[in-house]
Amino acid sequence: MLLIAGVTATARAEDAAYLTIATAAPDGAYHRLGLDTCRMINRLCAGNGLRCVVEPTNGTGDNLLHIAAGHVDLAFAQLDGVVRDRPDSALLSEHGRCAHHAADDIPAHDRVLSGMEEALFILRRVDEGDQASPADLATLLRTPGMLVSLGPVGSGTRSLAEALLAHLGIGLPQGHEVPLPADLQIPALCRQDVDIVFRVLAPARAAALLGALPGGCRLQPVSIPADDPPGAPPLKGAVGVERRMVTLTGMADGDMTVMTVTAPMVVLVSPGLCAAGGGQLPPLLRDAVSAAIRSGPMPETAPPVAMPAGCVAGAQFLTP
């Protein structure tokens, strides 16, 4: 009997369909959202044919490639990167549809599901005795010997940083850019291995990160210019983001307010998953993603305590 039970369990494991979610670096918000989504799906679908797994990546740029190639089923991304690099991508709508609109033509009755609004933070180290006066971005980046980290290759941070600098007409001197993984950028800045880092974070996450720096390390956000260069197109159209004043509260040196650019997070859906479901995702998947993003199930789509039928239906849309 034990042998039969073992064979049956193995067969069920082999028959399981896997939902793969591409996230970002393991220390980031996207990865946490992916883990929360998979935790909910796996709890509801235990033994019912569907397993959810998380794939760490470098972020938006990598995730757009993974989705287009069909390597993953869902992925998190910055909306600006989608609009700029692959505007034909399928996004998850609030009603669970594969929505092929990422810009301003989103129907009011079924908007693209969006999560946290993220901001691009340009951070520099403030040395002892420095009064942390506002710094001019162009002057800083063109300072001889200045070392800059734009973010890891394949990340939304790097893509946005490059697009923003191109829009502002600011070029980095050759050899002054240092590629670093996202989780090593701020430690490198505190160690004085680099002088400036670009990092996309939710404002609350940025405040928490900057408020827990090693002793003696002080960082200052650098504002982007409040106006477009003469003759340049509007920044929103050129880069796919919006200028905004962001205030970080509860900092050791008092609140910090900075002019930066922001963009919401969206959920990408693979072409195969859209096609298999006829353009509609199973409610189980929609509800789990929505619950993770909203930090609690949406009232109109809250998943019940158990949904084995939804797990089986979801498994039919996926490749075992």
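Reader: Which residues of S8 are buried on one side, and which on the other?
Author: Happy to start there, with the note that this is a predicted model, where local features need pLDDT of at least 70, side-chain atom pairs count only at pLDDT 80 or more, and totals for chains, interfaces and linings use all residues. Residues are numbered from 1 along each chain as its sequence is written, and side-chain values use heavy atoms, with hydrogens and water left out. In a regular strand the side chains alternate between the two faces of the sheet. Both faces of S8 are covered, with buried Ile196, Phe198 and Val200 on one side and buried Val197, Arg199 and Leu201 on the other.

Reader: How many residues of strand S8 are buried?
Author: Buried means under 20% relative accessible area, exposed over 50%, and partly exposed in between (1.4 Å probe, protein chains only). Strands (E, at least two residues) and helices (H or I, at least four) are DSSP runs, numbered from the N terminus. S8 spans residues 196-201 and is mostly covered, the buried count being six of six.

Reader: Do S6 and S8 run parallel or antiparallel?
Author: Two strands pair if DSSP finds at least two bridges between them. Strand S6 (residues 114-125) is joined to S8 by six bridges. Within this pairing, leucine 120 stands opposite valine 200, and alanine 119 has leucine 201 as its bridge partner. The two strands run antiparallel.

Reader: Which residue stands opposite isoleucine 196 in S8?
Author: Here we turn to strand S7 (residues 148-149), which pairs with S8 in the parallel sense over two bridges. The residue opposite isoleucine 196 is valine 148.

Reader: In S9, what is the bridge partner of arginine 125?
Author: S6 also runs antiparallel to S9, with three bridges joining them. The partner of arginine 125 in S9 is leucine 219.

Reader: With which side chain does glutamine 220 make a polar contact?
Author: Glutamine 220 lies in strand S9 (residues 219-221) and is buried, at a relative accessible area of 9%. A polar contact is a pair of N or O atoms within 3.5 Å; within protein, one must be able to donate a hydrogen and the other to accept it, and residues adjacent in sequence count only if both atoms are side-chain atoms. At 2.6 Å, the side-chain partner of glutamine 220 is arginine 124.

Reader: In S11, what is the bridge partner of glutamate 117?
Author: Strand S11 (residues 256-269) is joined to S6 by four bridges, and the two run antiparallel. Glutamate 117 has as its partner in S11 proline 264.
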